[in-house]
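Welcome, and please load the model in your viewer. We will go from stop to stop, with something to select at each one.

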Amino acid sequence: MLLGLLVILVLAACLRLYGLGNASLWYDEGASLYLSHYLATPAALFDSTKTVEPPLNAVLTGLWAGAIGMVSASTPTDQAHDFLLRLLPCLFGILNCLLLYILTRRIYHCTRTACCAAFLFAIAPFQIYYAQELRIYSFYVTLALLAVWATIQALDGNKRRHWALYILTLTVLMYSHYFTMWLIFSLNLIYVALLGKYRHRFWPWTIANAVLMVLLAPALYGAFTMHAEVQGLEVPWYPNPTWKTGLITFKTFFAGYGPRAWAYGPLFLLTIALWFWGVLRPRKYDLATVVVAGLTWIPILGCLWLWGGADFSFYEHRLFLFSGVLAIVGVARGIILLGRPGMVGLALISLLTLPCLADFYQGRLHPIPMHRLAMWDKVDFRDAARLMEDQWKPGDRLVYTSHFSAYSMFHYLPHDQLRIGWGPEDEVDFIKTLGHEAILREHKLMPVPKERAIDGATRIWFLSTQGITFEWQPTTTRIREWLDSVATAQERHSFPGVELICYVPN
């Protein structure tokens with residue numbers, strides 16, 4: 001089994017390293033780098049006029065980017081530079097495959113189930129996706145796996161080091177991502193469900209959670225402040241989820257965000273059937289059943305209830321990345337319990353995953369919004385920035401209509417740039433859409449009225465994006481037509497998802 005695990009880890013590494021630097025850094029990744037600049041003044045990471053994100057993502061990103069700057073001569077517009085930046089989450093993603101093996105073996109006391117879970121994790125496009133994104137997600141899974149392992153060890157053995165690890169991992173998790181509250185809630189529900197078996201752990205459990213809440217107080221305040229802010233927004237980001245959205249989320253755990261229904265449909269039916277077989281077939285109300293079922297579905301069902309009827313929905317598939325890990329464990333158990341037919345199921349899952357992986361590596365996203373909640377095209381900002389860098393002259397200015405371009409271009413092109421708008425009304429609409437006005441101004445995301453946006457520039461580089469992005473095409477077309485009337489287009493360049501026009505004012 002040791003050789004088999006080693007092969008699985010090599011497979012996980014290959015799938016996560018492949019194409020790691022191919023795509024440009026997109027909006028969220030650029031935001032990670034932008035926030036990391038506040039490390040110079042650490043208090044800013046807790047300043048609500050500068051960021052509403054928990055601080056650990058910026059800390060990890062800043063330290064990693066600084067280390068790359070010391071050991072590598074690559075520049076931001078080099079593909080190798082993006083590869084090195086994304087290597088941090090990639091390494092955590094590879095480690096997670098090993099940690100999942102350890103946790104699954106601890107839950108089921110079965111090496112075959114653990115190997116099967118590790119293999120399914122290794123090939124899952126959803127897990128690979130976030131192991132290749134410069135955000136906190138793969139590190140979040142690392143800590144969550146450790147937290148669940150520590151919970152089980154503490155309940156069974158009542159050793160101080162396991163209670164300490166329970167408190168430590170969940171504390172660090174909460175300062176990594178506010179969604180940790182759902183993990184804490186789920187673990188407490190799981191304890192209540194198992195109270196008959198673990199009644200003798202009531203006081204250690206209560207004390208550990210009391211200490212945890214004290215340590216989390218600042219993060220809890222930040223989480224509820226952020227929640228109140230988004231509930232005041234006037235423009236919804238996503239459609240309200242329904243029960244079907246929850247099933248789509250389960251589908252995404254195994255198929256990712258790709259558009260091939262002929263592959264992801266059978267894959268969904270096969271995996272959900274195996275999950276139920278693995279969890280319900282033993283007909284035992286034990287720790288394994290409650291942990292796998294609870295951590296898979298409690299966050300999903302809770303968020304469906306919370307956001308289903310809310311004026312503003314914040315339901316995103318990526319929030320349930322760790323639920324996807326436990327879904328994999330349930331499916332792996334179903335495969336092992338079925339015996340030889342289960343191995344046939346595993347082979348079918350592997351075959352159906354191949355086209356989903358192809359979609360991932362080729363950047364193909366599902367055309368229906370509910371299937372790709374919070375996911376957009378990673379267009380080619382990097383090559384566009386390299387071209388401008390090569391041709392940049394004093395007096396040049398880069399303008400773009402979408403805030404979605406800002407963080408990436410701040411990273412790739414540290415020259416004069418801003419977001420262009422039609423008039424003052426664009427600023428009002430933007431605040432209604434995103435809120436956090438102080439942050440929008442601090443991060444230079446506000447649209448500047450068109451006349452002022454080009455004032456004083458000797459050349460204007462106009463960048464627009466196409467595809468599944470936040471680009472509002474009627475606005476882009478309107479601004480382009482206005483630029484055509486007040487300036488002369490000297491050259492045009494096209495990159496995947498990006499159009500670049502160089503104008504000289506008349």
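**Before you click**

This is a predicted model: local features need pLDDT of at least 70, side-chain atom pairs count only at pLDDT 80 or more, and totals for chains, interfaces and linings use all residues. Residues are numbered from 1 along each chain as its sequence is written, and side-chain values use heavy atoms, with hydrogens and water left out.

**Stop 1: the cores**

Select Phe322 and Leu463, the residues with the most contacts inside the largest nonpolar core, which has 166 residues. A nonpolar core here is a set of buried Ala, Val, Leu, Ile, Met, Phe, Trp, Tyr and Cys residues joined through side-chain atoms within 4.5 Å. Buried means under 20% relative accessible area, exposed over 50%, and partly exposed in between (1.4 Å probe, protein chains only). Next, color helix 7 (residues 137-157), which gives the most to this core, with 13 residues. Helices (H or I, at least four residues) and strands (E, at least two) are DSSP runs, numbered from the N terminus.

Now show a second, separate core of 15 residues, which includes Val399, Leu418, Trp482 and Ile501. Go back to Leu463 and display its contacts (heavy atoms within 4.5 Å). Beyond residues up to four places away in sequence, Leu463 touches partners including Phe381, Ala384, Met388, Val399, Tyr400, Met409, Val498 and Leu500.

**Stop 2: helix 17**

Phe381, Ala384 and Met388 lead you into helix 17 (residues 381-391), whose buried residues are Phe381, Arg382, Ala384, Ala385, Leu387 and Met388. What do these buried residues pack against? Show helix 4 (79-108), strand 1 (396-400), helix 18 (406-412), strand 4, strand 5 (487-495) and strand 6 (498-505).

**Stop 3: Ser464**

Select Ser464 in strand 4 (residues 459-465). Ser464 is buried, with a relative accessible area of 1%. Its side chain forms a polar contact of 3.3 Å with the side chain of Arg480. A polar contact is a pair of N or O atoms within 3.5 Å; within protein, one must be able to donate a hydrogen and the other to accept it, and residues adjacent in sequence count only if both atoms are side-chain atoms. Leaving aside neighbours within four places in sequence, Ser464 is also in contact with Glu471, Thr476, Gly497, Val498 and Glu499.

**Stop 4: two helix pairs**

Two packed helices are described by the angle between their axes and the distance between the axes. Axes are lines fitted to C-alpha atoms, for helices over the stretch in contact, and angles run from 0 to 180 degrees between N-to-C directions.

Start with helix 14 (residues 287-308) and helix 15 (residues 321-338), which pack at about 145° with their axes 8 Å apart. On the helix 14 side, pick Val291, Val292, Leu295, Thr296, Pro299 and Ile300; on helix 15, pick Phe322, Ser323, Leu326, Ala327, Val329 and Gly330. These residues divide into 9 nonpolar, 3 polar and no charged. Ala, Val, Leu, Ile, Met, Phe, Trp, Tyr, Cys and Pro count as nonpolar, Asp, Glu, Lys and Arg as charged, and the others, Gly among them, as polar.

Then move to helix 13 (residues 261-280) and helix 16 (residues 340-361), whose axes come within 9 Å and cross at roughly 145°. The residues that meet there include Trp262, Leu267 and Leu270 in helix 13 and Leu348, Leu352 and Thr353 in helix 16. By class, this contact has 11 nonpolar, 3 polar and no charged residues.

Stay on Thr353, which is buried, with a relative accessible area of 3%. Apart from neighbours within four places in sequence, Thr353 is in contact with Ile123, Pro125, Phe254 and Leu267.

**Stop 5: helix 2**

Is helix 2 (residues 27-36) enclosed or open to the outside? Because 10 of its 10 residues are buried, helix 2 is largely enclosed by the rest of the structure. Those buried residues pack against helix 3 (56-71), helix 4, helix 18 and helix 20.

**Stop 6: two loop residues**

Finish with His109, in the loop between helix 4 and helix 5. His109 has a positive phi of about 55° although it is not a glycine, and it is exposed, with a relative accessible area of 63%. Lys444 sits in the loop between helix 20 (437-442) and strand 3 (448-449). Phi of Lys444 is positive too, near 60°, and Lys444 counts as exposed at 57% relative accessibility.
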